[in-house]
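Subject: Structure handover

Hello,

Here is the structure to be passed on to you. My notes on it follow below.

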Amino acid sequence: MRFKDKTVIVTGGGSGIGRATAIAFAREGARVVVADIVEESAKETVALIHAKAGLAHFIFVDVSDAKSVNALVASTLATFGHLDVYFSNAAVIDAGIHCTETTDALWARVMGVNLSGCFYGARAALPHLAKTKGNMVFTASVASLGAMAGGASYTASKYGVAGLVNQLACEAAVDGVRVNGIAPGGVLTNIFSEMKNFDEVETMVKAVTPLGRFAQPEEIAEPVLFLASDAASFITGTVLRVDGGWRSK
Ligand SMILES: NC(=O)c1ccc[n+]([C@@H]2O[C@H](COP(=O)([O-])OP(=O)(O)OC[C@H]3O[C@@H](n4cnc5c(N)ncnc54)[C@H](O)[C@@H]3O)[C@@H](O)[C@H]2O)c1
């Protein structure tokens, strides 16, 4: 029960890595705010947690909208009184679209959700995390560490997330707040499984991953919990690769 009585916000908690992490935090005793733009799937995550006698609560958020993120944090504080961990995880993909094919709308959407969403979360959450000596974890990506895991907008957004981790780790340390990131490789979530060319993508992921397979979302959740836990008390500013060796090549 590493997170007993802790309040944890998980953005993108309705699916994939966010869902697995929300469930893992709840299993460890946290009160989990499952925050997502899709109410139905987020409420499914809440139901899965309740079914195991865990504590969870849905709050709508569109992370690309600063007011919505501010409201998420305010509502969490009104409900639970304090905030201990903010897992900034929601993102969208760009289907690997190259720069010259990237429309203004795609660029704005991907940067808005993936990068501005992380910034809005940090700006809203950090003052409250300072009160609890809490921490933030951001979902970066192998696309934060090199090209060709996404397209132009996704890669730029995820490099930005890794930059935020470094900057915020230095800014927040004075308040005793740690800031880290996680860089997954290929993880079997809706991002991949709903792709029309899934077979082709699966072959590519297996080829670039020394461990030769997709990760399950739970294999990302556990390292997130580690970074958010007291076991990582001297770790800040780290983007931890959980990529089956992808970026070792
Ligand atoms: N799946 C992978 O292989 C992989 C690899 C590296 C990084 N990632 C990252 O992991 C994170 C989670 O992705 P996933 O694979 O679980 O995908 P997913 O599509 O299963 O989950 C993403 C969740 O984010 C939510 N979301 C999307 N836009 C939102 C918004 N504007 N506001 C609030 N919620 C929003 C979706 O509704 C969904 O529940 C993302 O940051 C993604 O970039 C995934």
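The axes of helix α4 (residues 104-132) and helix α5 (residues 152-172) come within 9 Å and cross at roughly 15°. Axes here are lines fitted to C-alpha atoms, for helices over the stretch in contact, with angles from 0 to 180 degrees between N-to-C directions. Helices (H or I, at least four residues) and strands (E, at least two) are DSSP runs, numbered from the N terminus.

This is a predicted model: local features need pLDDT of at least 70, side-chain atom pairs count only at pLDDT 80 or more, and totals for chains, interfaces and linings use all residues. Residues are numbered from 1 along each chain as its sequence is written.

α4 and α5 are therefore roughly parallel to each other (angles under 35 degrees count as such). Residues of α4 in the contact include Leu106, Trp107 and Phe119, and those of α5 include Tyr154, Lys158 and Leu168; contact means C-beta atoms, placed from the backbone, within 7 Å. The contact of α4 with α5 divides into 14 nonpolar, 4 polar and 1 charged residues. Ala, Val, Leu, Ile, Met, Phe, Trp, Tyr, Cys and Pro count as nonpolar, Asp, Glu, Lys and Arg as charged, and the others, Gly among them, as polar.

The ligand is surrounded by 29 residues, the closest being Gly12, Ser15, Gly16, Ala91 and Thr189 (C-beta atom, placed from the backbone, within 6 Å). By class, this shell has 13 nonpolar, 14 polar and 2 charged residues. Helices α1 (16-27) and α6 (190-193) each supply at least two of the shell residues.

Overall, the protein chain has 8 helices and 7 strands.

Regards

Terms used
Parallel < 35°, antiparallel > 145°, perpendicular 65-115°, else oblique. Contact = placed C-beta atoms within 7 Å.
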